[in-house]
Amino acid sequence: AIEREFLIAETFFSGKKVRLIGPVRVPASLDKAIEIYQHVVTQAPYGEFGSKAQFRLGECYRKQQRFEEASRAFQRIVDEYPSSPLVEEAEFNMAFCANRLSLKPSYDQSATDEAIDWYQDFIASHPESDLIPEAKESLKQLQEFKAQGLYQVAHFYEIQGKPSSAALYYRQITEQYP
C-alpha cells in the first residue's frame with residue numbers, strides 16, 4: 001500500500017494526470033503530491049520509501065519556491081536518514097534553499113552568510129561530488145552578492161558624510177572579497 005501511495009505521489013510530482021478508478025482522471029498537483037508524500041513519511045518513516053518520500057517533499061516545496069519548508073524537509077533527510085544515499089543531494093539542496101532565501105533584498109545579509117556557510121560545508125564534506133562545480137559557482141555568486149551589499153552600505157555612509165564608517169566597509173570588501 002505504501003509503495004502504491006508513493007507511486008501515485010510520483011505521478012502527481014511529475015505533472016501527469018492520475019487515473020485512479022476507471023475513466024476518472026485527477027489533474028496533477030504538487031499540493032496533492034505533498035499530501036501523499038507526508039502520509040508515506042508518517043505511516044512508514046523507516047520503510048523502503050520513507051527517505052525517498054521525505055526527499056520528494058523537499059523537492060515539491062522547492063518547486064513551489066517555498067524554500068524555508070524545503071530546507072527543513074531536506075534537513076530531515078540528514079537528521080533522520082544519515083546513511084541514506086540522498087544525504088549528499090539533500091545537503092546540496094539545503095545550500096540551494098539558503099541561497100534562494102538570501103536573494104531577498106535586505107540590509108541584513110545573515111541569510112547570505114548562511115548560504116555561503118552551507119556551500120563551503122558542502123564543498124568540504126563532499127569533495128568528490130558531481131555537484132561541486134555547481135556549488136562552487138553558487139558560492140562565487142553569493143560572495144559577489146555579499147560584496148555588492150557591503151559596497152552599498154559603504155557608499156551610503158560615504159554619502160552621509162561618515163568616511164570612517166565607509167572606510168570600515170570598503171576595507172572589509174578588499175580583505176574578504178579581493
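This is a friendly conversation about how to read a predicted protein model.

Colleague: What should I know before I look at individual residues?

Modeller: The model is predicted, so local features need pLDDT of at least 70 and side-chain atom pairs count only at pLDDT 80 or more, while totals for chains, interfaces and linings use all residues. Residues are numbered from 1 along each chain as its sequence is written, and side-chain values use heavy atoms, with hydrogens and water left out.

Colleague: What is the average pLDDT of the protein chain, and which elements have the lowest and highest means?

Modeller: pLDDT is the predictor's confidence in each residue, from 0 to 100. The protein chain averages 88, and 90% of the residues score at least 70. Helices (H or I, at least four residues) and strands (E, at least two) are DSSP runs numbered from the N terminus.

Colleague: How do I read the length of helix 7?

Modeller: The expected span of a helix is 1.5 Å times one less than its number of residues. Helix 7 (residues 132-159) has 28 residues and should therefore span 40 Å; its end C-alpha atoms are 40 Å apart, which agrees. After helix 7 comes Gly161, with a positive phi near 80°.

Colleague: Which residues of helix 7 are buried, and what covers them?

Modeller: Buried means under 20% relative accessible area, exposed over 50%, and partly exposed in between (1.4 Å probe, protein chains only). The buried residues of helix 7 include Leu139, Leu142, Lys146, Leu150 and Val153. Their cover includes helix 5 (87-102), helix 6 (110-125) and helix 8 (163-176), where contact means heavy atoms within 4.5 Å.

Colleague: Where is Asn99, and what does it touch?

Modeller: Asn99 lies in helix 5 and is buried, because its relative accessible area is 6%. Leaving aside neighbours within four places in sequence, Asn99 is in contact with Ala115, Tyr119, Ser138 and Leu142.

Colleague: How should I read the largest nonpolar core?

Modeller: In soluble globular proteins, nonpolar side chains tend to be buried together. A nonpolar core is a set of buried Ala, Val, Leu, Ile, Met, Phe, Trp, Tyr and Cys residues joined through side-chain atoms within 4.5 Å. Here the largest one has 42 residues, and those with the most contacts inside it are Tyr37, Leu57, Phe74, Ile77 and Tyr119. Helix 1 (2-14), helix 2 (30-43), helix 3, helix 4, helix 5, helix 6 and helix 7 each supply at least two of its residues. Helix 5 gives the most to this core, with eight residues. Not counting residues up to four places away in sequence, Phe74 touches Phe55, Gly58, Glu59, Ala90, Asn93, Met94 and Cys97.

Colleague: How many salt bridges are there, and which residues form a network?

Modeller: Side chains of opposite charge can pair when their charged atoms come close. A salt bridge is a side-chain nitrogen of Lys or Arg within 4 Å of a carboxyl oxygen of Asp or Glu. The whole structure has seven salt bridges. One of them joins the side chains of Glu10 and Arg56 at 2.8 Å, N to O. Glu10 is in helix 1 and Arg56 in helix 3, 46 residues apart, and the pair links distant parts of the chain. Glu10, Arg56 and Glu59 are linked in a network of salt bridges.

Colleague: What does Lys146 pair with?

Modeller: Lys146 forms a salt bridge with Asp113, the closest N and O atoms being 2.8 Å apart. Lys146 lies in helix 7 and Asp113 in helix 6, so the pair ties together parts 33 residues apart in sequence. Lys146 is buried, with a relative accessible area of 8%, whereas Asp113 is partly exposed at 30%.

Colleague: What is the phi of Gln65, and where does Gln65 lie?

Modeller: Most residues other than glycine have a negative phi. Gln65, although not a glycine, has a positive phi of about 60°. Gln65 lies in the loop between helix 3 and helix 4 (67-80) and counts as exposed, at 60% relative accessibility.
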